[in-house]
Amino acid sequence: MFIQGRQFKKTMQKQLAAYMLLLAGLLLAVIFAGLLLFGRFDTAKQTTYESLNFQMKIFEKEVDAYFNSLAAGSLDLSRYVTDFLEQGQNISGKNFESLNNNPKKLEKLQSALIGVLEERLKQHNASGIFVMFDATVNSVTDDAKTSKSGLYLQQNRFLSNQDISLYRGISSVGKKQGMMPHRKWRLEFQTSIFPDYDQIERNAQLPLNESYMITSKTVLSGTSDTEHITVPAAMK
Amino acid sequence: MKKIVTILCLSLIFLLGLTGCMDNSKLDPDKPVTLSVWHIYGEQTDSPMNDLIDEFNSTVGEEKGIVLKVTNMTTTPDIKDQLDSAFEGAPGAPEMPDLFSARPDTILDIREENLVDFQDYFTPDDLEEYVPEFVKDGMFDDHLFVFPVSRSTRALFINASQFERFSKATGVTYQDLNTWEGFFDASEKYYKWSDGQAFCAIDYPIQSIEYDMIARGNVPEYTADGWYDISDKALKKSFMRFAKPLAKGHIVVSDKYANTQIMTGEVLAGVGSSASINYYNDEIIYPNNTKEPMNLKVLPLPKSGTGMQYMPVTGTGFAAYKTTDQKAEAAAVFLRWLTQGKRNLDFVVEAGYMPVHNSAFDAIEDYDFPSPAHEALFDAIKTMKKEYKPLIRPEVKGYYDKVEILYEGLKERCPDLKKRADAGEDPKDLAEELWDFFCSLQ
């Protein structure tokens, strides 16, 4: 009897232990599920990945917004220059040819526009700004066909007091505005500065907000500066 | 037992001794320190300094835990104002950089307790390996605040394409430009030949005047206001030598740097810093858009009189803003790396400077230069080093502010004086007007 009673007691103890274990297991499962639910078991790698992914999305949006703002600024400048030429200077269409071989007129135009370009460059936090005319100061040079008069102001993206230089344009016009010629300065543009220039010219049409384009990454001639150039395509 | 105790004691002493030899560097590759850098090497060029910084970051920097970050590329005239604004915490000014290009005058307003003394990181033996004059130039009392990295001199740069036509027409040769007398004579001939164009644009003309005065055996005196003692007759004589051709328009004060006036065909030659070599365009482009190759020729500075000639030595070194010991040590590690033998020579040749490390200076003779213009420049430097004595002019507080006013005033006055000279007024009287203006700056 005594032996039987001890065996019965042992069986009860075992059963109790099993229930306790089951209960502990259930509790652990609930805690584990809760932790999973609140993301406590995410790895540091996963958190970093998500955080970087989030940052990348924000950055992408910022870059998009930046390029959209540059494009808008570029279209606005294009309209301003067109109005300035057509209404202010009575230059449009075929009349544009009167600018060819006309250094005085080209200088006058550049002098009138350089201040506007400087102001807009500062406004838009761009690395450079340009206006190119479909005309050249000398139509008998070897490269006259691809040589175009105009202004290209380049901004040193690091801090500096005198941070805008004249990359293309009439040097005396730049100097009067306090801009020294860039060390790779040229008087006029070569159209090859724009990747796929021929295509841009072929596709040029109004309205500007549909035909503008941002070029592929290009290195500015003679410098190590890599740029995306926003081109309002309806240049004529 | 005694033996064991003795051995243990000796071992302990040995270990303690070893701890003295242990590296007590504050640098830690696992926790890299970032130094912001402002420098003047290549504002518009493919900066050789930036390339070196990239190389440093990916080698020694990575190994020791140092990251250099260029946050400003500027010019020597501009950096002082920018630093002063940053130091004073002016509204909108950026933070002070940890490491920055500096001339001795650049740091005059940044008090010495804010600067790293590089003698804490370079022993006297280390410093003996550098050109002594250049080290001395960076010393303030007993502190080495400006560490030498490169030094520049000045030279005569010429558009050889145009000079050959001029030479053919007038008989003027490069040999004639050996002296200032020959140079001024050539500039008069060029003015006539080119129908009224200036022969040469001069950067820092007052320094050419000062070196002319010194070469003729006189020492310029300065006033407490940072200007010249204008009662000095020798000063006036040297000033008038340059003032007459300036008034006649035979030479001009550079708009900013002579290279821009040469590449636009406004002048035939320029006197400027050796470091300007990288700013010379490859072509001359005239107002009608015709072009020709620059073919840059570089000559030593013209000589004054027949006595001892002096070679101007200018240029910047690096100073470090004192914040933490870790940053100070990192700055010293970078500067030691930058100024080591061949690296120093590669850097200065590309940037148009003179090296500062003795071994680099010795290696110039056999160097393979990147372009004929660089080779011509170092030929001119070699000639000057042989025939002229290097001379670093003293830093005088307030001097450069007055010099800026002088240059602006000369640029404003000279075009009108040129017209009056062309109309027949006596150039001596016109030059006197420039002297009066010079004196008014006192």
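Which elements do the buried residues of helix 2 of chain B pack against? Before I answer, please keep in mind that this is a predicted model, in which local features need pLDDT of at least 70 and side-chain atom pairs count only at pLDDT 80 or more, while totals for chains, interfaces and linings use all residues. Residues are numbered from 1 along each chain as its sequence is written, chains are lettered from A and ligands numbered from 1 in the order in which they are written, and side-chain values use heavy atoms, with hydrogens and water left out.

Now to helix 2. Its buried residues pack against strand 1 (33-39), helix 3 (60-64), strand 2 (66-73), strand 14 (317-320), helix 12 and helix 13 of chain B. Helices (H or I, at least four residues) and strands (E, at least two) are DSSP runs, numbered from the N terminus. Buried means under 20% relative accessible area, exposed over 50%, and partly exposed in between, with a 1.4 Å probe and protein chains only. In helix 2 of chain B, the buried residues include B:Pro48, B:Leu52, B:Ile53 and B:Phe56.

Helix 13 of chain B, residues 341-351, has its own buried residues, among them B:Leu345, B:Phe347 and B:Val348, and their cover includes helix 2, helix 12, helix 14 (358-362) and helix 15 (372-387) of chain B. After helix 13 comes B:Gly352, with a positive phi near 80°.

If we leave aside neighbours within four places in sequence, B:Phe100 is in contact (heavy atoms within 4.5 Å) with residues including B:Trp38, B:Leu83 and B:Tyr321.

My last stop is A:Arg186, which sits in strand 5 (residues 181-186) of chain A. Is A:Arg186 buried or exposed? A:Arg186 counts as buried, because its relative accessibility is 17%. Its side chain joins that of B:Asn281 through a polar contact of 2.9 Å, where a polar contact is a pair of N or O atoms within 3.5 Å; within protein, one must be able to donate a hydrogen and the other to accept it, and residues adjacent in sequence count only if both atoms are side-chain atoms.
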